Amino acid sequence: MTTSRASLKKLLEFLQYFYSSGQKLFWLLWGTLCLSLILLVVVIYTPTFWVSETKPLAVSQAETIILETVRENYREIDLFSKAFSNFIEYSATHFSPNFFLVYVLIFFQIIGYSALLAGSSRLEGILGYVPLLVFCSHLYSSEFVSVFIQNYEYHKWGAFFIMLPFLLFYYFVKTKAFSLNLVQQFGIYGGAILGLYFAVGLVGGNAALYKTATFGYRIHLIIILIFIFFIAKDLLALLVWLITRKNFENPGAAYRIFILSFIAFIALQALLLFVPHYYNFQPLHFFVVAALITVLFSQSAFPILGHIINSQLAYSLIILGTGILATGYIAFHIGNGEFTFRNNVQFLINFVFGVLSLLFGLYIIINFRAALRSNQYFFDSLYEGRVLRFAPVWAVTLVVLIVYDGINLWNTYYSLHCTYKNIQGDYYLLAKDENEARLMYQMATNYKDTDFKANFNLANVLMAFIHPNSDKEEILKVQKHLSKAEENSKAPSLLAILKKGRFFSILGLNKAAKLLYLSKIREMPLSELYCNLASVYFNEGKLDSTEFFLKQGLSHFPEDAILNSNYSSVLLKKGKIKEAISYSHKAFTQQSKEPVVLENYYLFKIVNDSLEVEEVPFRKDSTIGIGFQYNQSLLAYKKGNFLLADSIANWLLNRTQVAEIKFLKLLTCASTNQWKQAIDFYKSLIHQDPDYTPIASHALATLYFKQKTPEMAALYFHKAAQSGWPKDSLFYAYSELDAGNHYKAYDILKVLALDHKDLFELCKREMALLDFAYGNTEFLGWDFSGITPDEALRGGIIGGLVDNPGPALKFYQDLVDTDKKITTPYLEIGRIFRKLNGDESAIKQLELGLKRDPNNVAIHLEIAQSEINLNRLEAAQKRIKQIEAKVKERPEYLFLLAQIAARQKQTEKARKLLEENYRKFIFHKPTILQLFAMYLEQKKYTQGYQFLSEVLDYNSQNPDYWLYYYLFAKQIGMREDAENAQKNMLDLLDNERRKKQYFQFLDSLRTKFKLDS
């Protein structure tokens, strides 16, 4: 066997101790240490590992869009809504802790402390309690207890109770009351610490986990310092071993090679110490290499501690546990951009390694000159000096460090505190306490005013409170910290540019922002810079310039989702809907889960039904802007999924009480039969923001119109018209006309035609239909040559309402003669004939319509009604059965079944069917009136009174309801209510003829149900 192979075998013999009962534990810890070192190397070379460089910031604007076109009673009215479109710019984020690194650090702490505690239980005497003290100090300083106990006065007691199980277990193991091997101890400690962290995460979430993992900062600094001192000797020890294991022909060669290698080694460290930005090889690399070989070479120190350590494995556990904690913590801070901390560690490693190497080299030369000359293998005896013991080397190194660092003692203290305050600032940001975060970052800059992270994050936090009218001193403070961050930046320069540009935009310094972006685009044409430059012009309303720079950006980055989405917003503003849709769809295909992109994508789907849309599940994420979730709710509304739309609106309302969300809630409440809440949100909205009065009034009116409740629609269309929407006066007139107030409608139309020339033609046509229905042909002003089918049908309906259908029937005849497929005129003729000539003549007309369209559901329902009126109940039941699948979700279905039950003397069944129908369709007037009559017939006056009170909450403008309310109030002795109801009824009738009709109807009800007069 050659000398070199023999010496290698001798080195590997140090591992023999680990092939015992604890070998698997040793290799687990060795592997964990390797992982921590790999992580350290990764973060050294990955400067953006710890932060998302930029984030898209959506500047959302509420747009007025047509949500749907409501068609009722042969009229069409657009339901306007607010929707959000955004223009996205980029902003630099806070330097936030990377939670992958936090979880890794927690993992290393669990493994490291478990190994430390298990290994130290084999140390004799009081020395064994030192690692336990370190662990307990970590529990206390990391504030584990603050997660569970809010009252600070009890923290010390709480900390003691958390430590107590560990103290007792350690004591019993130490005194051998528990007979456990090292592996078992490691498992128990690991499980307990893991359980503690799990409880912290469960109760306090990520912010609490971050706090408990990092607030034991000083304890970890001590561990790092001890580990650096411990491993500093091993690189030189490796150099000794590499040289002395070789068989040189000239015995003096080993001595010369050692001296030359030693000089080169010290020179390299000196270079790194005085040229800290030489990044190809850094002091941290010494740390990585030394930490990897420590376990192998540390066995040579065994004789020194042999009198207090009774297990070689226990000794290795202590070394590995300390190493895992130290390297994990260094990796965490470097990975989170703590450059101040990194520079301190770099300096400490290089200084300690350099001084210790120098002294260790002298120690070897003094003690082993002869051994070096004769090429003797003396690795085992490195720490057993013949002239000088090794202990003084450590002592002198420590003294030199203290003396040297004493000159800069305050700088070191301030640097470490800067890092610690940054940690606290990060925690408060995670806990969403920006005021405390601002205080911590301010303190960090006080300790070290050149720290990049502290300055950058402080500027970020301060900017949240900055606006154009801010105090000049506050503005200058932000500018100062931004400049400091830019001067000391180790991050890509884009970060500082975006933050500075955003700062200019907030202050309204648009020219400065443009110059900044333009100058940087020439150096580095990045998509983020094009977006932000275009954003400045967009906010100024300069759409052509915005479009120009977005086109430039797209020429460089045609697939960029944000540029495409922004371009779609500009095209939407310019009215180029089709082009806008294509760019929005392209943005979606690139980033289909990005909320800022989906906001525009959903808007275009609402605007244009032809766009195929892939919906993203609703996310209860408070970090997402409300625009995307708002538009998602509107899209669900448009698709008829009112419950989903309402649930999203509720969640948004819990986040913010802004006017847009209240408007959304107004829509969703009305569409889920929560009409009282809808009216409450309407009142709250216009009180909070009077500018919303026209659109909110129009929306509520249109929703009533959709529910075939024209009297309530008239009320809110009138409010919209008074608030500045003139066209709603036309809809106001339409609704009054549909509600039966013909004279009032005619007067509204006459005034509107004079005041608004753009509405003259529409008003003239509607007035002509009214004149024609009343037979006032000399006032027509229109020859009807251009009448539309909808106008002809409305003319017939008006004629039926005023009991003069003859002239209007001519319109229907012309319609059926012109269009051989049309059936609607027969439906309306049937309704008119039922009123004037009875149900037999109605059925004949309706059956003519069925010949044209045998599957027309509306006509079948009208025939079924006539059959019930004629007491042909079996025929009616058979007809309803045939079309049951198509009509179950229509109010007429249960209403007709209730009428059949009533005629079959099944009064209770009829009432239950009507009540069920009312709950589903609270505005179905025939159901409501039938229930009123039934309560009167059954003398359930109190129940009827209560029911009417509820109905009037939804519809306070119907004179029929006030008439019945008057009757019920009279019967239960509510005189004042009865008088008030009568007054309201009369106020809602627009002419004496109608008032006379109502009094006649009132008398008939009294006679029919034998009521008191």
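1. Phe169 and Tyr189 are both buried (under 20% relative accessible area with a 1.4 Å probe, protein chains only; over 50% would be exposed, and in between partly exposed). Bear in mind that this is a predicted model, where local features need pLDDT of at least 70 and side-chain atom pairs count only at pLDDT 80 or more, while totals for chains, interfaces and linings use all residues. Residues are numbered from 1 along each chain as its sequence is written, and side-chain values use heavy atoms, with hydrogens and water left out.

2. Searching the whole structure turns up 54 aromatic pairs (Phe, Tyr or six-membered Trp rings with centres within 6.5 Å; planes under 30 degrees apart are stacked, over 60 edge-to-face, the rest tilted). Phe169 and Tyr189 are edge-to-face because their ring centres are 5.2 Å apart and their planes meet at 85°. This pair ties together distant parts of the chain, with Phe169 in helix H6 (residues 155-174) and Tyr189 in helix H7 (residues 182-214), 20 residues apart. Helices here are DSSP runs of H or I, at least four residues, numbered from the N terminus.

3. Have a look at Phe227 and Phe287 too: another edge-to-face pair, 5.9 Å centre to centre with 75° between the planes. Phe227 belongs to helix H8 (residues 217-244) and Phe287 to helix H10 (residues 283-297), 60 residues apart. Both Phe227 and Phe287 are buried.

4. There's also a cluster linked by ring pairs: Tyr210, Phe215, Tyr217, Tyr329, Phe332, Tyr420, Tyr427 and Tyr428.

5. On charges over rings (NZ of Lys or CZ of Arg within 6 Å of the ring centre and within 35 degrees of the ring normal), Arg75 lies over the face of Tyr734, 4.3 Å from the ring centre. Arg438 has its charged end over the ring of Phe465, at 4.6 Å from the centre.

Conventions
Helices (H or I, at least four residues) and strands (E, at least two) are DSSP runs, numbered from the N terminus.
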